[in-house]
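The briefing below is grouped by topic.

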Amino acid sequence: MLYKELENKVAVVTGGSKGIGTAIAQRFGAEKMKVVVNYNSDKQGAEKAVQIIKEAGGEAEAVQADVSTEEGIQRLLDTAVEKFGTLDVWVNNAGMENQHPTHELSLEDWERVIKVNLTGVFLGTKAALNYFTKNDKKGNIINMSSVHEQIPWPTFAHYSASKGGVKLFTETVAMEYAPQNIRINSIGPGAIRTPINAEKFDDPEQKATLEEMIPMGRVGEPNEIAAAAAWLASDESSYVTGITLFADGGMTLYPSFQGGKG
């Protein structure tokens with residue numbers, strides 16, 4: 001389903017060079033939106049996304065920026081306004097993870113994940129809010145959370161903490177700016193087939209174990225998360241703010257109780 005009202009709207013998508021970010025940028029392109037595709041190091045991936053967006057009838061620009069810095073975020077906002085004239089939708093998608101037992105987790109690794117996953121969301125949201133409020137716009141912000149804002153994930157304490165932070169940050173800021181008709185929501189993906197998960201999904205044993213944790217019995221695809229982002233960006237969700245929209249095949253439904261177990 002395409003949303004006519006999204007045509008010619010301007011969006012920034014952080015972490016748009018691969019996985020879910022690329023899928024969202026490309027879906028926005030299919031909606032004929034104008035998209036700033038952010039990347040940190042994968043210039044080739046971002047440029048490929050830009051090409052696909054243009055082929056679909058949208059407009060796009062790839063921009064290198066570190067989303068954990070104010071300078072990087074400002075570069076993305078400036079590009080949107082200078083090249084496309086405005087900003088309508090900001091997607092805080094950039095994220096990272098790595099695995100460590102908590103007693104072995106270094107301060108450096110903790111801070112690196114928190115800076116990208118949580119501070120990056122704060123900085124992107126702040127920049128978008130400043131633009132929306134100064135220009136009296138009914139803007140739209142979409143944050144990428146995870147099922148692990150709700151489900152504990154041992155050996156990923158820093159990642160889970162960052163996503164728990166995104167949850168309450170989203171809810172708090174959504175309440176704060178609802179009177180100005182600025183909508184702020186999160187998406188909580190479950191297990192999605194992206195490059196970061198490729199090794200796990202290529203191992204039949206690990207894949208089977210994972211699928212047992214998903215009531216729908218399958219891994220999700222990036223385009224399914226992109227569809228959720230398009231809906232949240234559209235007027236179809238005009239009365240929705242402050243939620244986490246889980247797109248997880250039922251992973252947050254305590255699948256170990258499936259079939260009446262317990």
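Helices α3 and α4 cross in a right-handed sense, a crossing being right-handed if the near helix is turned clockwise from the far one by less than a right angle, and left-handed if anticlockwise. The contact involves E70, I73, L77 and V81 on the α3 side and G120, L123, G124, K126, A127 and Y131 on the α4 side, where contact means heavy atoms within 4.5 Å. This is a predicted model, in which local features need pLDDT of at least 70 and side-chain atom pairs count only at pLDDT 80 or more, while totals for chains, interfaces and linings use all residues. Residues are numbered from 1 along each chain as its sequence is written, and side-chain values use heavy atoms, with hydrogens and water left out.

**Helix α3 against α4**

- The residues of the contact of α3 with α4 divide into six nonpolar, two polar and two charged; Ala, Val, Leu, Ile, Met, Phe, Trp, Tyr, Cys and Pro count as nonpolar, Asp, Glu, Lys and Arg as charged, and the others, Gly among them, as polar.
- Helix α3 covers residues 70-84 and packs with α4 at an angle of about 40°, the axes being 10 Å apart; axes are lines fitted to C-alpha atoms, for helices over the stretch in contact, and angles run from 0 to 180 degrees between N-to-C directions.
- The two helices α3 and α4 are therefore oblique to each other, given that angles under 35 degrees count as roughly parallel, over 145 as roughly antiparallel, 65 to 115 as roughly perpendicular and the rest as oblique.
- Helices (H or I, at least four residues) and strands (E, at least two) are DSSP runs, numbered from the N terminus.

**Helix α4 against α5**

- Helix α4 (residues 107-134) packs with helix α5 (residues 157-177) at an angle of about 15°, and their axes lie 8 Å apart, which makes α4 roughly parallel to α5.
- The crossing of α4 and α5 is right-handed, and the residues of their contact comprise 14 nonpolar, six polar and two charged.
- Among the α4 residues that meet α5 are W110, I114, F122 and L129, while the α5 side includes Y159, V166, F169 and Y177.

**Helix α1 against α2**

- For helix α1 (residues 19-30) and helix α2 (residues 43-55), the packing angle is about 20° and the axes are 8 Å apart; α1 and α2 are therefore roughly parallel to each other.
- Helix α1 passes α2 in a right-handed crossing, with T22, A25, Q26 and G29 of α1 meeting A49, I52 and I53 of α2.
- The residues of the contact of α1 with α2 divide into four nonpolar, three polar and no charged.

**The sheet**

- Seven strands form an open sheet with parallel pairing, in the order β3-β2-β1-β4-β5-β6-β7, where two strands pair if DSSP finds at least two bridges between them.
- The edge strands are β3 (59-64) and β7 (244-247), each of which pairs on one side only, and neighbouring strands of the sheet are turned by 15° against each other on average, direction ignored.
- Strand β2 (residues 34-39) runs parallel to β3 and is joined to it by six bridges, and the bridge partner of Y39 in β3 is Q64.
- Helix α1 packs on this sheet, touching β1 (10-13), β2, β4, β5 and β6 (183-189), and its direction makes about 170° with that of β1.
- Strand β4 (residues 89-92) and β5 run parallel and are joined by four bridges, with V89 standing opposite N140 in β5.

**Burial of strand β5**

- Strand β5 (residues 140-144) is mostly covered, five of its five residues being buried; buried means under 20% relative accessible area, exposed over 50% and partly exposed in between (1.4 Å probe, protein chains only).
- In a regular strand the side chains alternate between the two faces of the sheet.
- From β5, N140, I142 and M144 point one way and I141 and N143 the other way, and all are buried.

**Loop residues**

- T155, in the loop between β5 and α5, has a positive phi near 75° although the residue is other than glycine, and T155 is partly exposed with a relative accessible area of 25%.
- N181, in the loop between α5 and β6, likewise has a positive phi, near 60°, in a residue other than glycine, and N181 is partly exposed at a relative accessible area of 45%.
- D42 lies in the loop between β2 and α2 and counts as partly exposed at 24% relative accessibility.
- Leaving aside neighbours within four places in sequence, D42 is in contact with S17 and K18; D42 and K18 are 24 residues apart in sequence and 8.0 Å apart in space, C-alpha to C-alpha.
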